[in-house]
Amino acid sequence: MKGIILAGGSGTRLHPLTGVVSKQLLPVYDKPLIYYPLATLMLAGIRDMLIISTPRDLPRFRDFLGDGRRWGIELSYAEQARPEGIAQAFLIGESFIGAGGVALILGDNIFYGDELGTALSRHARQTEGATVFAYHVRDPERYGVLELDEGNRVVSIEEKPARPRSNYVVTGLYFYDNQVIDIARGLSPSARGELEITDVNAAYLRQGQLRAHLLSRGNAWLDTGTHQSLLEAAHFVSVVERRQGLKIGCVEEIAYRLGYIDADALARLAEPFGSSDYGRYLKTLLTPNPLP
């Protein structure tokens, strides 16, 4: 399975911060936001990824991330000239996806939690249908809401309903088989002129092929689309990292632990960070008593 990170949009809710830089390049505590969705796909075992962004920001992502080989992965890039919906990513990335499945993650979403990697890798191996990651929230009316039966099977999906049928909402992480390309191609723009991801999920639901992975209480999902949520995400990462002494979304560590790079490669990656906290952390991974 391949992966797509959708890092487009104008980021108007974060102005003036995003007046000159993509929101996915803004810092969330000790690393840029783009590291977190990149780390999530890596934890799923996905090593071939496409980053989609605006014509203005795409060169910055390419300059910053390169081809991904230093982390043992492969990164490609594509433009989304205008923000015409999340589902447009499948049309932009059609040739990249090829004949297999694809995982899509929104570039401003952060996932963290116990056994998250196990769940991610399991869904990355699926060959039929679609799986959306769902999260229990206090204010479901702000999101796409899932109605579930007693066996937690998806019964309905509704975008920002006035009367939500549950507190489980669709996050910005989706796994699809190859038919998602044809489904996206057959969509009509919504009232706001976009190809909606909810319509893609609804098409799978009508076919009886939409599943939901419910993130448990031991997991966190953070959407960083506003100033307040961006600040809260930074505080969350700071508290967890300072308390545990372990980093969240550290792509170098993930690449090393998954065997994508060896110890020599990790040492080379750590060197440019010097004596910074990030650099010291990477070097601890190479000690005789490595972190758990």
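**Note on salt bridges, rings and pockets**

1. The count of salt bridges comes to 20. The model is a predicted one.

2. Asp57 and Arg56 form a salt bridge, with their closest N and O atoms 2.9 Å apart. Asp57 is buried, at 2% relative accessibility. Arg56 is partly exposed, at 37%.

3. A salt bridge also joins the side chains of Glu196 and Arg192, at 2.7 Å from N to O. Arg192 is exposed, with a relative accessible area of 56%.

4. Glu241 bridges to Lys247, and here the closest N and O atoms are 3.3 Å apart. Both Glu241 and Lys247 are buried. Bridges with shared partners extend this into one network of Asp30, Lys31, Glu241, Lys247, Asp277 and Arg280.

5. Lys247 has a ring contact as well. Lys247 lies over the face of Tyr281, 5.5 Å from the ring centre. Another such case is Lys2, whose charged end sits over the ring of Phe96, at 4.9 Å from its centre.

6. Aromatic pairs number 10. One of them is Tyr112 with Phe236, an edge-to-face pair with 5.8 Å between centres and 75° between planes. Tyr112 belongs to strand β7 and Phe236 to helix α8, so this pair ties together parts 124 residues apart in sequence. Tyr112 is partly exposed, at 26% relative accessibility. Phe236 is partly exposed too, with a relative accessible area of 25%.

7. Phe273 and Tyr278 make a tilted pair, because their planes stand at 55°, and the ring centres are 5.0 Å apart. Phe273 is partly exposed, at 30%. Tyr278 is buried, at 8%. Elsewhere, ring pairs link Phe90, Tyr174, Tyr176 and Tyr204 into a cluster.

8. Helix α1 is mostly covered, with eight of its nine residues buried. Which residues of α1 are buried? They are Tyr35, Tyr36, Pro37, Leu38, Ala39, Thr40, Leu41 and Met42. Just after α1, Gly45 has a positive phi of about 85°.

9. The largest pocket has a volume of about 1500 Å³. Its lining holds 50 residues, and those nearest the centre are Arg13, Ile86, Leu106, Asp108 and Asp223. Elements that give two or more residues to this lining are β10 (154-159), β11 (168-176), α7 (197-206), β13 (219-223) and α8 (227-244). The lining of the largest pocket divides into 16 nonpolar, 19 polar and 15 charged residues.

10. The second largest pocket has a volume of about 520 Å³. It is lined by 22 residues, with Leu43, Tyr112, Lys247, Ile248 and Gly249 closest to its centre. Two or more lining residues come from each of α1 (35-43), β7 (109-113), α5 (116-124) and α9 (251-257). Helix α1 gives the most to this lining, with four residues. By type, the lining of the second largest pocket has 14 nonpolar, five polar and three charged residues.

How values were computed:
Residues numbered from 1 in each chain as written. Predicted model: local features only at pLDDT ≥ 70, side-chain atom pairs only at ≥ 80, totals over all residues. Heavy atoms only, no water. 1 Å grid on protein atoms, 1.4 Å probe; cavity = no way out; pocket = protein on both sides within 12 Å on 5 of 7 lines; lining within 4 Å. Points joined across faces, edges and corners; volume = space filled by probe spheres on them. Nonpolar A, V, L, I, M, F, W, Y, C, P; charged D, E, K, R; others polar. Phe/Tyr/Trp six-rings, centres within 6.5 Å; stacked < 30°, edge-to-face > 60°. Buried < 20%, exposed > 50% of the residue type's maximum accessible area, 1.4 Å probe, protein only. Lys NZ or Arg CZ within 6 Å of the ring centre and 35° of its normal. Salt bridge = Lys/Arg side-chain N within 4 Å of Asp/Glu carboxyl O.
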